[in-house]
Structures are given as structure tokens and as C-alpha cells.
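Trainee: I have this one open for the first time and could use a guide. Could you walk me through it?
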Amino acid sequence: MHNCPLCQSIDTEHYFADKRRDYLQCRQCELVFVNPDQRLDAAQEKAHYDLHDNDPSDVGYRRFLSRLSQPILERIDPHSQGLDFGCGPGPTLSLMLQEQGHTMSLYDIYYHPDKQVLETSYDFITATEVIEHLYEPDRVWQQWLNLVKPGGWIGLMTKMVIDVDAFANWHYKNDPTHVIFFSRATFQYLAERDQLELEFIGNDVILLRKAQ
């Protein structure tokens, strides 16, 4: 059995299996994760991402991203400095926030791999449809906590696990680059452990605020 990639607990168990992959669950933080032996390598992963066509001028795509941008905009001060982490090949959320007067930096392991942006601090961090792709979520999570200023926000968008029955028919797990799956309980665990304020907006937007 594999350790949890998020909290590193050794207390994990079989959760589900389909024709392609086995899924485990951590008893401590309730993260569901793909058996690490069944993940894509970096070249396969990037080839899949290259198929994405996220156009900043696409009104529908902007509407989708507004589910995160709107609540973030309601909570941050004017002229804040933000980082869009995992922005992909067609950064759009960052443009939407820049249009509202905020300064944005970009980071993406494949498309914007400028590590200098990870050496400063930010009023807020956004990651839309990113967290489910992380092979080392524990490391990235700590990175985010270090990058965001006291009182700052982390805004995430990801679909969440409900239960095994729903998971069995869940299209979200079928993307070969989706390797970890959070539930509300997982975010509640992280918020309590790391002393973060936690808000859920709808079914797939999560806001966390670092203590002052």
C-alpha cells in the first residue's frame, strides 16, 4: 500500500478500481488518489495537456472561470498582487483579474516554468482545475502556504469526491491526468491542520484564507 501523497499517512486503503487504474483512500485526510505506479510520465502528461484549447476570448470559458474570479474579487483589496498557479498554455483567469486592476504572475510547470515567480509573496493565489493533477500535492500545498501573505487567499477550483457510488460513475476520474481527488473532508482537514479559514462556494470552488 502507498502512503498518502498529501498528508503522508501510511493508513491508506483500497477505494475503487476500474479497467485502467486503482484508487486508494487515506483514512486520515480522506484524499482519494491513483496508485502512483499507474500515473502517466511527464511526456505523456504534457501531450495530453497540449490537446487543451483554452482561448482567453472564449466567453463560455470566462464564464466558467468567473465562478472563482468573482468570489476572489469580492475578498481581495484593490491593486492586489496574485499568482495564477498552473495557468496552462492560454492564461485567462489572470487576464480577467488584471482587467480588474490586479497584478498577476504566472506559473506552470510546462507552459510558464519561471521559478522566479515562486520566490516572492502574494496577496492571493489561484489554481483552477490544477490540484487534481498534482503528483506531489504535499510539496505544492506547503509552497502555496509559504507564498501567500498572512491574511491572503488561496482560491481553488476542482470537482470533489462525494462517495464510492458516485465515484464509480464519475467522468472526472477518467481523465488520465487526474490523479488525486479531494472531498470537503479533505479540505476541512487541511484547514484545521494549517489554521486556515475555509469557504465552499457551490460544488467546486474552495477559498482558504491564511491566518493574519
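Mentor: Keep in mind that this is a predicted model.

Trainee: How many residues sit between β1 and β2 in their hairpin?
Mentor: There are four residues between β1 and β2 in that hairpin, and if you look for a specific contact across the pair, Phe16 has Tyr23 in β2 as its bridge partner.

Trainee: And what stands opposite Tyr23 in β3?
Mentor: That is Val34, and it belongs to a pairing in which β2 and strand β3, residues 32-34, run in the antiparallel sense over three bridges. β2 and β3 also form a hairpin, with five residues between them, and Glu30 in the turn has a positive phi of about 70°.

Trainee: Is β2 mostly covered or mostly uncovered, then?
Mentor: Strand β2, which spans residues 22-26, is mostly covered, since four of its five residues are buried.

Trainee: Switching topic, what volume does the largest pocket have?
Mentor: The largest pocket has a volume of about 860 Å³, and it is lined by 36 residues, with Tyr49, Gly86, Asp108, Val130 and His133 lying nearest its centre.

Trainee: Which elements give two or more residues to that lining?
Mentor: Those elements are α1 (42-49), α2 (59-73), β4 (81-85) and α4 (137-147).

Trainee: How do the lining residues divide by type?
Mentor: In the lining of the largest pocket, 18 residues are nonpolar, while nine are polar and nine are charged.

Methods: Residues numbered from 1 in each chain as written. Predicted model: local features only at pLDDT ≥ 70, side-chain atom pairs only at ≥ 80, totals over all residues. Heavy atoms only, no water. 1 Å grid on protein atoms, 1.4 Å probe; cavity = no way out; pocket = protein on both sides within 12 Å on 5 of 7 lines; lining within 4 Å. Points joined across faces, edges and corners; volume = space filled by probe spheres on them. Nonpolar A, V, L, I, M, F, W, Y, C, P; charged D, E, K, R; others polar. Buried < 20%, exposed > 50% of the residue type's maximum accessible area, 1.4 Å probe, protein only. Pairing = 2+ DSSP bridges.
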